[in-house]
Structure formats: structure tokens, C-alpha cells
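Please take a walk through this model with me.

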Amino acid sequence: MKILMLGWELPPHNSGGLGVACYNMARALSKEGVKINFVLPYNAKHPKIDFMKIHAATNLDPLFRFGGGAYVSSNVTDHLIPNPSSEQLTSIREIQNEYCEFTKNLVAKDMPDVVHAHDWLTYEAGVAIKEKYGVPLVAHVHATEFDRSGGSAGNPLIHAIEYEGLRAADKIIAVSELTKHIIHEKYGIPLSKIDVVYNSLDEDYRNDEYAFEEEYYQYAKSKKSAGYTIISTVGRFTIQKGLSFLMFAAKKAIAKNPKLLFIFAGDGEERDKLINLSAELGISENVIFTGFIRGTRLRDIYTLSDIFIMSSISEPFGLTALEAAYHGDALILTKESGVSEIISSAFKYHFWDENKLSSQILALSSSPTLLKTLQKNAKQEFEQISWEQIAKECLEIYHLAKG
Amino acid sequence: MLDLLEKKMHEFPEFKVSFSITGTWLEQAEKWDPSLIAQIKRMVERGQVELLSETYYHSLAYFFDLDEFNAQVDQHSAKIKKLFNVKPKVFRNTELAYNNSLAKWAEKKGYQGILAEGWDKILGWRSPNHVYRPVDCSKIKLLLKNYRLSDDIAFRFSNRDWKEHPLTVKKYQRWINDDCLRGNLINLFMDFETFGEHQWADTGIFKFFDQFVTSWMKEYDNKFVTASEACQLESPVDEISMPNTITWADTERDLSAWLSNSMQNSALETLFSFKDLVFKTKDQKLISDWRLLTTSDHPYSMCTKYWRDGDVHAYFSAYASPYESFMYFMNILRDLEYRLSVSSL
């Protein structure tokens, strides 16, 4: 089986979960004997990747893949998927056009059995190849524009591209039941065309040598030794993440148990609003903002924490929850997150239910037994989901797409 | 089900059953539908229903606190005496939890018989269809559940994947007759909620029961007996020893559904650590609330084994997960602690 995989990023130049998922999925597929050509919108070296052939569609630096100047003033690594302003989009459109042309030329020389396209950024290229060469298209949905816009309307052009890609695709892979139903309800795609394939933890997490670095986070550590429960949340601070609800719940919990320390790790457009809110609620002493962190520093946060909260209003999957569970955190997840479909050893709540969230935080912080049980069981549970199994599910879908 | 039982009792004056009813249920019936109490009383007075002895609160107190266990059993007997004017003669512990020392306790307490699971690992080649004597006892009889024939109704009746589905009266009666070759006493013990809850009405369970009673009574020499009558049927054929606790739950047949994970242990340890303080207040409301928390359903809903598969543990839990169950239980205990601190002022 020969697959043309269309993506927008790969580690080490990834800004978030999309690149990690593509990387692990491609590696697992190659172990199953699949030959993969992977197209990226930028030109960069990937010393760790020898299991597939990577093609650069442009000569751009990885930093410019979302359009020229998009990240001059903001933190580059802070954007999982762009939420572009109109002028930035113009230049993303240019990159997409180039990407499309390059891919068509590539296919002319090296015909794949199936095209596997990841998210709206690559759908146009996938549709073009299907139209020109009749190659079956599998569209992989890591997030829809509805998720990215946090319940508001979203960008009409992106909606149009997303809809056209999903309509033309022979099969669709959704990262959760939740996403599957959004695709069905919002875009009217029949359920029979959509299969759910969950993500798993980044394999490199298990393979890399990692040890908690003692010199960092001294303050949080001192609080922990003083009997505080450390609660963290990680992600882009956008409306989609439901962090204000978390802040209100934190206020309620701290009122009953002052020995709680909340760590908000990440950055984004809601940051100032959140800092303000913590001050207004009078809990700024119990809330730490770390700014954007990644890699070892992020793993330190997971290690240090007792509890990890995913407060998203709409989260197609939620890889950070698996990362946190891997580092031994107990999980509290919103029912609006895809990851809550596969982890049953976790507390769950609706994103708006501040009372429930605060009582769950209090229960975990006041009962070491409950905390340890949830930490242990969540870890056991997700260890059972492997990339090997995910690759096998993808292969089956490729065969279905070929008809 | 009560209506059906009463109807069959009118049709066949020799049709008899034994009930094991908790004090908690009786209290609720008194409060919300006293006609149920009256109905049971009619059946008791006709001599066709025997009431068994158990803990008032459906608790596992025996394994934590013998004084409390005795108190709950006595409270139950008093309630049965008050409502139905009878004194239970046979004891069955919560979830059929049984071991040798419980049998000795029951003998000392003067019971004629005690109930337990007829588990193969204990019985070996022996049949559950006889009356036995618990080891180191001299008077009390032991009745063992015929779990295959009981579970054919209680668990498998409506299971379409079961190769015997659908279970007909004729087939079931033939199985019983076959099984009688290894002893004439078939002990069918099952939950009341088998009829209508585990097996919904549309499975045909009521019709099956209705026809089975009629069909069984038609055959010459067939009988239904109550638990204490069963004890009188024959002298014990052998001694049975169960040094470890055996229950009727899950494939393990032990207490692990209630007392295996750390949440369950911690919840019950905390609960029993409050006992002395609660009783010292002599506040009846507080004491009764504390005793309600000893009900075995609480730790059952904290059980983490199997629950992911949506089996009986999850089905009969009022909570979204074992973790939530534990959370609410501990919150209630904290509230109890608070009430204690207030009442001691």
C-alpha cells in the first residue's frame, strides 16, 4: 500500500498536537508496511524521520507556513491551528495554492493508492488529486472550524473548504465520537462515511529519557511540600478552552480549601482577561500563569501536578490529558472533550458546571485514596491504546476508501 | 410480583416461599405504600410466606463490628415482630456472605438454619441439594443455594446468546427433575428484583413463574417448602467448612465487590471510626443516619472491577462512576463529622 499523506507540520517544527499525531500515525503505518510520501508546506530537516519520504511543497521557513508575518508579534509556538485574520489568510491561500500545485506534480510522477489529508489546510490538494487522477481521498478531522471558533460562526471561507473536502472524501476519520457528530450535524455528512480513530500518546514520550528537573518550579514545589494540592491546565488560552469557568470553580474550591495551587500553563488571547479575573475573584495568590511552555518544562508541570483539568467547551480530542495521565495526574475532563470518551477513570463534568468541578477538585484534594486511585487507573487505562492499533484501523479505512 | 405470588398462594395453598426483607425497605414501604406491608402480612398469616432474619440495614457489619452487627440483626427481628408478629428462625446474611464463624454465631443465637452459596469449590463432588451442618456446630442446619438452577432464572432467563434461550417451563422442570437425582431439595435463592428488573416483564418472566408454579404443583409429590421447613426435611448428610468468606457475587464469590479497592476500604474504615462518637451523642437521628451508611450498596457502587464493561455493577449504581460514588460518600461523612462537632458543643 502506498499512501500520500498531506499535512501541515511535523515535529520538531510542530506547534501542537496535529504534528505529533501525524508523526506517530505515519511511523506506526510504516511499521505495518505502508509506504508514505508526506507533503509539508515548508522546507526543513527532519533528522529523526527515516520511515517515510518528506516532500517540501515550498521553500518557506517553517515559521512562515501560516502566512507571512503571522507570527512576528505573537509567540510562534502558541498556535496549534491558525485562527487567521483576513490579511494573513490571503497569504495562507497563496501557500495552499502552491501546496496544491506541488502535490499534483508529485502524484503525476508517483501515483499513490490513497490520499490521506489532515485538516482543512490540505483538503483542497486532496480534492484536486481525486478529481484529476481518481485517487481515493481519506479526510482526517483533528478539529473543525466549529471547534476552533469556540461556538461562534467561524470563518466562512474555511467552512467552505472544510465542507468541500468532507463532501468529496471517500472516507472521513474523526478523532472522537464528538467530532464525528459535529461533522454529521453541521456539514450533513452521513454517519456511515465517518469512522472514529482516537489518538494515543506521543511515542517519543515513552522513549525519550526524561527526569524531573529539580531546579525548576521551586515555588510550586515548596507549596506542595506545605500540603498544597497542585492542579494544572495546559493549552492555548482561547475561548474554546473554557478557562473562565475553571477560574470561577477555582474560586469556589479555594473558599473551602485554601491549600490549592492552580497552574495555568500556556498563552493566548484570553490571557490578560484570565489574569484579571483571578485578581477580581481574589484568588491570584493561588493561581500561577507560566506563559507558553513546551518540552521538558511542560513535562515538569505534569509531573509536579496532582490533578490535571481539561476545561474545554469543545475539544475534538485533547492529547494533553493523555500526557498528564502518563505523568501520573488524576484527570478531570469536560464531557465536551473527545478524550473523555476513552478514559473512564476520570471525573467528568459539563464545561459550565462550576459547582460540580469545584466539588470534584475538593474531593480529590481531600482524599489521598481517591487521588491515588484515579491517578493509577487512568494511567492503566490509556496504556491500552496503541499507535499500532490506530495504524491497523487506518489501514482498514484505506481499504474501504479504495472500495 | 407480590400480586402474582398472592394469586398463586390462593390457587395452591401448598405453594410457599421465604422472603428476606431489610428494615430499610420496610420503613420505606410503611412511609410510601403501607398496602405492601398489609399484603405481605396476609401471606405470612396464611402460613405461605416465611420471613428470614438479616441485618436491618443490609450491611456488612459482621466483618467490621460484631456489636453493631448484633444490634442490626436484633433491630431487624424487632421490626419483623412488630409488623408481622413472627420471629424469624433462619438467618441469611447480606449478599449471602458466609463463613464458619458466622455459622457458630447463628447457632449460638438460636437459629434453626442459615443460608449460603453452594459454591463448587467448597462442595467438591457433593450436591447442594441436601441439608448440611456447618463445621463445629451441633444443631444448626446449612442450606446451600443451587446456583445453576437459580441463575438460569435470575441471570440467564432473557439472554438471547444463551443456547437454552428461550427457557420454557417444561425444560426447566426437566432440569429440576434431573438435578433431583443428587438430592431432593432444590434451593432456589434469588433477588426479588429478578422479577421485573433484572428480567423485564416483556421477557415473559412473570408468565414463566406463573406457569412454573402450576406445572410443578401438578406433579405428584412435588412441594414448595419454606427455609425452616427445608431444615427439617432431613438430618445433615455431611459437615461443610467455609473458613473464608463466600458470597453470591461475581465469579469470585467473595467480598471483593464490596471490599477490594482502596476507596471502599477507606470509606468503610472512616465510617466505622465515627461509630463511637455517633453513639455517644445518643441522638437517634444521627445514629440512624450513620447506620444507613453501613448499607452494602454504598461500597458496591465504588467497585472498580468490571464496571467499565457496563455490567451489573454499573447498572445498579446511582452514580456516573465509582469515583463519584466515593466522592459523595466522603462528602456525607464530612457532613456527619460536622454534625458531630455541632452536637458536641
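What follows describes strands, helices and contacts in turn.

This is a predicted model: local features need pLDDT of at least 70, side-chain atom pairs count only at pLDDT 80 or more, and totals for chains, interfaces and linings use all residues. Residues are numbered from 1 along each chain as its sequence is written, while chains are lettered from A and ligands numbered from 1 in the order in which they are written.

Start with the sheet in chain A. Its 6 strands form an open sheet in the order 10-9-8-11-12-13, with parallel pairing. Strands here are DSSP runs of E of at least two residues, helices are runs of H or I of at least four residues, and both are numbered from the N terminus. Two strands pair if DSSP finds at least two bridges between them. The edges are strand 10 (287-291) and strand 13 (347-349) of chain A, each of which pairs on one side only. From one strand to the next, the twist averages 20°. Angles run from 0 to 180 degrees between N-to-C directions, and axes are lines fitted to C-alpha atoms, for helices over the stretch in contact.

Now look at strand 8 (residues 229-234) of chain A. Of its 6 residues, 6 are buried, so the strand is largely enclosed by the rest of the structure. A residue is buried if 20 or more other C-beta atoms lie within 10 Å of its own, exposed if 12 or fewer, and partly exposed in between, with C-beta atoms placed from the backbone. In a regular strand the side chains alternate between the two faces of the sheet. Both faces of strand 8 of chain A are covered. A:Thr229, A:Ile231 and A:Thr233 are buried on one side, and A:Ile230, A:Ser232 and A:Val234 on the other.

What joins strand 8 of chain A to strand 9 (residues 260-265) of chain A? The two run parallel and share 6 bridges. Within this pair, A:Thr233 stands opposite A:Phe264. Strand 8 also pairs with strand 11 (residues 307-310) of chain A, in the parallel sense, over 2 bridges. There A:Ser232 stands opposite A:Phe308. Further along the sheet, 3 bridges join strand 12 (residues 330-334) of chain A to strand 13 of chain A, and these run parallel. A:Thr334 stands opposite A:Tyr349 in strand 13 of chain A.

Helix 8 (residues 218-225) of chain A packs on the sheet. Helix 8 touches strand 8, strand 9 and strand 10 of chain A, and its direction makes about 155° with that of strand 9. Two residues are in contact if their C-beta atoms, placed from the backbone, lie within 7 Å.

Helix 9 (residues 243-256) of chain A comes next. Together with strand 8 and strand 9 of chain A, helix 9 makes a right-handed β-α-β unit. Right-handed here means that, with the strands pointing away from the viewer, the path from the first strand over the helix to the second runs clockwise.

Helix 9 also meets helix 13 (residues 354-366) of chain A. Their axes come within 8 Å and cross at roughly 50°. Helix 9 and helix 13 of chain A are therefore oblique to each other. Angles under 35 degrees count as roughly parallel, over 145 as roughly antiparallel, 65 to 115 as roughly perpendicular and the rest as oblique. The crossing of helix 9 and helix 13 of chain A is right-handed. A crossing is left-handed if the near helix is turned anticlockwise from the far one by less than a right angle, and right-handed if clockwise. The meeting residues include A:Phe245 and A:Leu246 in helix 9 and A:Leu357 and A:Ile361 in helix 13.

Helix 12 (residues 319-326) and helix 14 (residues 368-382) of chain A pack at about 120°, with their axes 9 Å apart. Their crossing is left-handed. A:Leu322, A:Ala325 and A:Tyr326 in helix 12 meet A:Ala378, A:Lys379 and A:Phe382 in helix 14.

Finish with chain B. Here 5 strands form an open sheet in the order 3-4-6-5-7, with mixed pairing. Strand 3 (90-91) and strand 7 (239-240) of chain B are the edge strands. Between the chains, 12 residues of chain B are in contact with 12 residues of chain A. Helix 16 of chain B gives the largest share of the side of chain B that touches chain A, 4 residues.
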